[in-house]
Amino acid sequence: MLVLNCPYCGLDKDETELSAGGEAHLKRFGPGSSDEDFEGYLFERTNPKGLHFERWRCAFGCGKWFHAARCTATLEVFGTYKAQTLEPPKVIKDVITTKRPGWSWRNFS
Amino acid sequence: MSVRLANQGRLIDRMRPLSFSFNGQKMQGYHGDTLAASLLANDQMLMGRSFKYHRPRGVVASGAEEPNALMNLGSEGHFEPNARATTTETFEGLLATSQNHFPSLEFDIGAVNSKLARFLPTGFYYKMFIHPRSFWKHIYEPIIRKSAGLGKAPKARDADKYEHYYHHCEVLVVGGGIAGLQAAESAAAAGVRVMLVEQTAHWGGRAPVDGVIIDGAPADEWIKSTIAKLSSMTNVVVRNRTQGSGIYDHGYALAYERVADHTPRDQRPRHRLWRVRCKQIVTATGAIERPLSFARNDIPGVMLASAVRDYLVNYGVSAGDRTVVVTNNDDAYRTALFLKSAGLDVPAIIDARAEGGGELMAQAIAAGIRVETGRGIAKVKGGKRVTAVSLCAQVGEGSEIEEIPCDVVAMSGGWSPVVHLWSHCGGKLFWDDAKAMFRPDVNKPPIGSNGEGFVIVAGIASGHLRSAEVIQDAGQAGLTAAELVGGKKAKDTKLPDAQDAKEAAMEPVWLMPHGASYKLRSKAWLDFQNDVKVSDVQLAAQEGFESVEHAKRYTTLGMATDQGKLSNINGLATLSEALNSDIPSIGTTTFRPPYTPISMASLAGEARGELFQPVRKTPMHNWHDAHGADWEPVGGWRRPYAYIQNSETVDQAVHREVINTRENLGILDASTLGKIIVKGPDAGKFLDMMYTNMMSNLKPGRCRYGLMCSENGFLTDDGVVARVDEQTWLCHTTSGGADRIHTHMEEWLQTEWWDWKVWVVNVTEQLAQVAVVGPNARKVLEKLGGMDLSTKTLPFMAWADGEIGGFSCRAYRISFSGELSYEIAIPANRGLDFWKMVVEAGAEFGINPYGTECLHILRAEKGFIMIGDETDGTVIPQDLGLSWAVSEKKR
Amino acid sequence: MKRYSVFAVAREAMRQHSGWGRAWSNPEPKTSYDVIIIGAGGHGLATAYYLGKNFGITNLAVIEKGWLGGGNTGRNTTIIRSNYLQDASAALYEKSRSLYENLSQDLNYNVMFSPRGVMMLAQTQHEIRGYQRTAHANSLQGVSTEFIGPSRVKELCPIMNIDGPRYPVLGALWQPRGGSARHDAVAWGYARACSDMGMDILQQTEVMGIRQKNGNVVGVDTTRGNIACKKLGMVVAGHASVVAEMAGFKLPLESVPLQALVSEPIKPCMDVVVMANTVHGYMSQSDKGEMVIGGGTDGYNAYTQRGSFHHLEETVRALIETFPMVSRLKMLRHWGGIVDVTGDRSPILSKTPLGNTFINCGWGTGGFKAIPGSGWGFAELMANGESPLTAGFGLDRFRVGRFIDESVAAGVAH
């Protein structure tokens, strides 16, 4: 029963107030892209046991999408941040570095 | 025999006698009794039958760990199977029957299994009933199933009500013994919000029974004043009869309050489920005494030493006249001393330790009790009640030294901390060899959202057996918990001074006697309910079921309704000895919530019947209901499937509606269709991305049918899009799709094109929509007067704002039936009036309302698709011949 | 190995059961095997068994990081059915169901397959249409199912409330030859038979790395040393992405907790297995008398074998609506397993980008029923490089868009 802080509301939200939206920071490919690129973005998932970046929506609150950095093994939450970004903000990365030195996730580290 | 004594009984009110019924027999008890205490007071030691062998079973324990005394309770809509007599408060008129026997508790045909026990070793069913194949389904399994189960299946609908509470606090303390009270007091003094829950009706736990002295007075006094103080504090919520049932991630906990189990039919909810959100949890959950494994330790009358003491001190009930105590520790001596001082006979204390015990043993000897050290019980004699025990050397093989007549055996194999809640969410344990117990490993607590531990164990639950240590540990736990959540350090932190007798070290005894023969081992029970014996676990080990999980599943040890509260530690010690391994390397099975079984009804709460899932209703809902609607659930809504007139069948109604709509005039409530406004400078560009066809080039005043696909290219929704003005579109979606499509649009806008200027609003419930369909559609609307609906001003796939019959509306000249059709949108609060007006005006044109099945037939006859029927998650527009609705640019 | 029978039990009863040997051996790892299977769950063990039985490959090790059968095999609600809509699924699950029918005799181990019938309730018009479609598809596929009306539903399952105020029961897709089996026994039976064929089951052995050379697998690094192999099968439900990462490729999977619960045991009151997809709940009664109840999955990735509590509330609500008597029962225990879910909710039985390496994963919430069929087909795929049973379930289907989507037939629940 997760609690995540919605970066828009600024409030701690119970999991039942949120809806999960899968892996974050997927790069979408448009018309003319290769089959491999399409397959990669549509289906292939990092699905790590450990640090993960994922999308959430404050479904029964402000309705905004946001991102969370979370450990899928311990459910520890490293931080949440607004969805309008192409990569995790430095402050989040710093927190993760403190708690999981040497981390990497896809092309972030 | 077991009887009520003339004195003692700190929890009962002798001024309030009550009567209840057991197996049809009227019995007397007192207010404050548990059912088990009441039954014992009526000399009813035999309370049930075991699962596999149907052996007679008496009560063993006095609390939540009881495996045997399970009852069918109540009747009709108040019936409950498998109710634990030790945790059921007796009330006037209580109705109990024992379980799992035929024809009666005293004489059970199923007990023949016990005689065949040697042919039914653990796992026998995996090795038998293999041939011939068809016999399993038709013969073996039906027989096995027939003998399965314990309590009766409930039949009547539940007559009680249930509710959920949400509760937020900083610190939750589970357990209302002296540890829990002290932890709560220390945390509360720091000014944080505290909730304290206790599963029984009474505060203080075991301390008052064990004669603990706090600040120079019997523990009861300190308990009383502490709970009074806590109850008066505004930052503290205390609840008895409320069990901390489970701990979940990020500080979520379940508390299960049995509000009215003891006062049925008093209009209060029977159970209340508290969903607690807190930051720190202190589990002061105490410990459970372990049985000893000696031959025929399952005969009624063999009980936990602490339970014998409980019945005596708490309820004034003596479990028997002559009690032999058998132990490997000092605590059980207390039972002997209490019995003796109550004037009861204690023929012997059998202490497996070569040197015996300490201070308490000296007191027992001084009280004239015979103490046999280095001895054990070879076997128990008796059938449905203990008649004697045979004494043997603990180190030997069980040759009988002497027979000691008795009718109760009070056994103690030491204590196991209740670590369940600590473990629910991943807290780890370590094996304390000196104390022979698993204790919470404070270095490996359950991890909260911040990566730090959020559970602290206090008192006996963390392995502190002496009361003084318990108070110190609990006070510290409460303070630590409060400090971690921002509490202020209280000034007066002096903790009360608790005193109890010094105890000599216990010695683990996993089998009595140590060298017991197979014959004895095959009669030494580990799991009383599921009939698992020492020999069964040894057989599992012999056959390679070496993992504790394998052994558990193969033998069913610990899988009964008590979830192994008495059997698990003894079982895994037996397994580790059989494997020549040590206990820590064997490990435990996983502790899963709930701590004890909780009612399914409490999980559902108030959401049942009409409230199971609220029905979404259109403004015309009640009109439909009054006009024969045969309802169909559609995506949270209910829509009329057809309107039944007179005595026609549903099929006939559908046919009538189809023909009438094709030939005359039909009217459909289309309000459930999703309506989403998309607005902004980039709205057109955005909709071109959402739909397979272009929407940006749609002219204001015109409509276009659009398809939506998922990112995979599979169809997910369709509907008519109307362009309202330069920057505004209104998108219709399927009835079930409104919320989904709204969310889908928001997702893309927020996460992919967040710099686009587009706003999306779901106005589905703001508008009622009425489809007027059929050859006479224009006639009825023109009769009502208002806007020009002629083909010239309002051609097919056009819309206009205007007025019809005095109602401001928006009229769409669109059709999902192939007939002349207008869909009229009006503000929801005027929907019903508009509908009624059209129906009345349409009478002369043969108007009839039609339902969803007619709609399906009409659209199918014209080849229009229905999302969900013609699509299944793998269908692309081209599969349905809808290439025309995919923009050339996107193919 | 001693054959199991009533006579063997009787003989042993006379000598204190001292003659029973180990059900499976506990060997030291060899330095090399022809085939290594990672994962001693039902699917892994069944694969090993059919590799031995059908293809004579017995120089084989099954490597298990915990105890065999301890993953989803030992945590599921044991429903067996094959009433799928798509041809590829129906073929696979029907093969599996038919193997279950003879599994006890085949393995000489009573797995207690009980063809008591499975019904999937239709509670909306949409479901009626969907299940009727499935029934028609099944009759073309040779799977015996039928669509039955509400009165027949009530007759088969008297404790059901078919007139609920919210979602009355309108009918059901009924598969009389579906049912359930004892989950642990399936794993144990296969393990015993594999061990009997001379295969090594290496428990408490964790794979730490996959060794490759020139694009082919050559062995695995384990906590008990390096072990060489010629072919490798990965059969690690829940952890497939983790193992695939060792081999250097990604999978179209997300791992989420799935929950289940049981009630206390009560006397028999329900003979059939019932699945209600509209209200999201399914239930059957075990031979022990417990009501076995399947819950939903969490919406987010997690490798914790526990789920969020509110899903259980939803499940129990749905069941009380369907079976009012459940209200008076008590929940004995609830637990979670990790299921890996693919993009089309159908499994993957496939070659992988790494040579001689095969993967079996993505069973989502419904893997138990497929154990024998999956093992049969996957063994054939590993031995021959192809199998008609697995042909549709390749990894390439996500690239070419040839989904096997069962959302109509399967809904959420299995």
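1. Two residues are said to be in contact if their C-beta atoms, placed from the backbone, lie within 7 Å. On that definition, the contact between chain B and chain A takes 16 residues from chain B and 17 residues from chain A. On the side of chain B that touches chain A, helix H21 (residues 738-751) of chain B gives the most, with 4 residues; helices (H or I, at least four residues) and strands (E, at least two) are DSSP runs, numbered from the N terminus. By class, this side of chain B has 4 nonpolar, 6 polar and 6 charged residues, where Ala, Val, Leu, Ile, Met, Phe, Trp, Tyr, Cys and Pro count as nonpolar, Asp, Glu, Lys and Arg as charged, and the others, Gly among them, as polar.

2. Please keep in mind that this is a predicted model, in which local features need pLDDT of at least 70 and side-chain atom pairs count only at pLDDT 80 or more, while totals for chains, interfaces and linings use all residues. Residues are numbered from 1 along each chain as its sequence is written, and chains are lettered from A and ligands numbered from 1 in the order in which they are written.

3. For chain B, the domain assignment (automatic or from a database) gives domain 1 (3-115), domain 2 (162-287 + 417-499), domain 3 (291-410), domain 4 (623-671 + 766-861) and domain 5 (674-765). Taken over C-alpha atoms, the centres of domain 3 of chain B and domain 4 of chain B are separated by 84 Å.

4. Consider next helix H8 (residues 331-341) of chain B and helix H9 (residues 359-366) of chain B, whose axes come within 9 Å and cross at roughly 25°. That angle makes H8(B) roughly parallel to H9(B), a term used for angles under 35 degrees. Tyr333(B), Arg334(B), Ala336(B) and Leu337(B) in H8(B) meet Leu360(B), Met361(B), Gln363(B) and Ala364(B) in H9(B), and the residues of this contact divide into 6 nonpolar, 1 polar and 1 charged.

5. Chain C is divided into domain 1 (26-109 + 182-252 + 344-410) and domain 2 (118-178 + 255-342), and 27 Å separate the centres of these two domains of chain C, taken over C-alpha atoms. In the contact between them, 33 residues of domain 1 of chain C meet 29 residues of domain 2 of chain C. On the side of domain 1 of chain C that touches domain 2 of chain C, H3(C) gives the most, with 5 residues, and the residues of that side divide into 13 nonpolar, 13 polar and 7 charged.

Methods:
Axes are lines fitted to C-alpha atoms, for helices over the stretch in contact, and angles run from 0 to 180 degrees between N-to-C directions. Angles under 35 degrees count as roughly parallel, over 145 as roughly antiparallel, 65 to 115 as roughly perpendicular and the rest as oblique.
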